[in-house]
Amino acid sequence: MRWFRRRQRPGTVRGADLTDRDHLEAWAKARRGVEAFLEPRTTVTETTMMLIDAEGEWTRRRVPSPEVARGFAKRIGIPCYDIALTGYPQRKRDYDARRNAERRAN
């Protein structure tokens, strides 16, 4: 399976498309120490991939399947983990805490 555009039918969950792939690739190339974390499908969202850089900044996009996501990570040379097994790294939680403190201060 590869990245593809899906036609969205009314009332359906949006699937992954090429803009998601392009965003993830550009984001990873623009940062250092990026790792990928696969998030399982839920009733609201398809399978997603979260990229987290060395500072804890992150982005998340839909992916067609875990297999496609792992292949994508391998192709761009970053490690890929299953979030259900590893959890979120501490640097992501620290980044989120800093952002929340900044928002409260403003």
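**Figure 1. His-23 in helix α1.** His-23 is found in helix α1; helices (H or I, at least four residues) and strands (E, at least two) are DSSP runs, numbered from the N terminus. The model is predicted, so local features need pLDDT of at least 70 and side-chain atom pairs count only at pLDDT 80 or more, while totals for chains, interfaces and linings use all residues. Residues are numbered from 1 along each chain as its sequence is written, and side-chain values use heavy atoms, with hydrogens and water left out. At 25% relative accessibility, His-23 counts as partly exposed; buried means under 20% relative accessible area, exposed over 50%, and partly exposed in between (1.4 Å probe, protein chains only). Apart from its neighbours within four places in sequence, His-23 is in contact with Thr-59 and Arg-61, where contact means heavy atoms within 4.5 Å. Between the C-alpha atoms of His-23 and Arg-61 there are 8.1 Å, although the two residues are 38 residues apart along the chain.

**Figure 2. Packing of helices α1 and α2.** Two packed helices are described by the angle between their axes and the distance between the axes. For α1 (residues 18-29) and α2, the angle is about 35 degrees and the axes are 11 Å apart. Axes are lines fitted to C-alpha atoms, for helices over the stretch in contact, and angles run from 0 to 180 degrees between N-to-C directions. On the α1 side, the contact is made by Arg-21, Leu-24, Glu-25 and Ala-28. Phe-72, Arg-75 and Ile-76 make it on the α2 side.

Figure 3. Two strands pair if DSSP finds at least two bridges between them.

**Figure 4. Strand β1 and its two partners.** Five of the five residues of β1 are buried, so this strand is largely enclosed by the rest of the structure. Glu-35, Phe-37 and Glu-39 point one way from β1, Ala-36 and Leu-38 the other way, and all are buried. β1 pairs with strand β2 (residues 48-52) in the antiparallel sense over five bridges. Among the bridge partners in β2 are Ile-52 for Glu-35, Leu-51 for Ala-36 and Thr-48 for Glu-39. β1 and β4 run parallel and are joined by three bridges.

Figure 5. β2 has five of its five residues buried, so the strand is largely enclosed by the rest of the structure. Thr-48, Met-50 and Ile-52 cover one side of the account and Met-49 and Leu-51 the other: both faces of β2 are covered, and these residues are all buried. β2 and β3 run antiparallel and are joined by five bridges. Met-50 stands opposite Arg-60 in β3. The two strands form a hairpin with five residues between them, and Gly-56 in the turn has a positive phi of about 100 degrees.

Figure 6. Rings of Phe, Tyr and Trp (its six-membered ring) pair if their centres lie within 6.5 Å; planes under 30 degrees apart count as stacked, over 60 as edge-to-face and the rest as tilted. By this rule there is one aromatic pair. Phe-37 and Tyr-81 have ring centres 5.4 Å apart and planes at 35 degrees, so the pair is tilted. Phe-37 lies in strand β1 (residues 35-39) and Tyr-81 in strand β4 (residues 80-82), so the pair ties together parts that are 44 residues apart in sequence. Tyr-81 is also the bridge partner of Phe-37 in β4. Phe-37 is buried at 4% relative accessible area, whereas Tyr-81 is partly exposed at 31% relative accessibility. Elsewhere, the charged end of Lys-92 sits over the ring of Tyr-88, 5.1 Å from its centre; this requires NZ of Lys or CZ of Arg within 6 Å of the ring centre and within 35 degrees of the ring normal.
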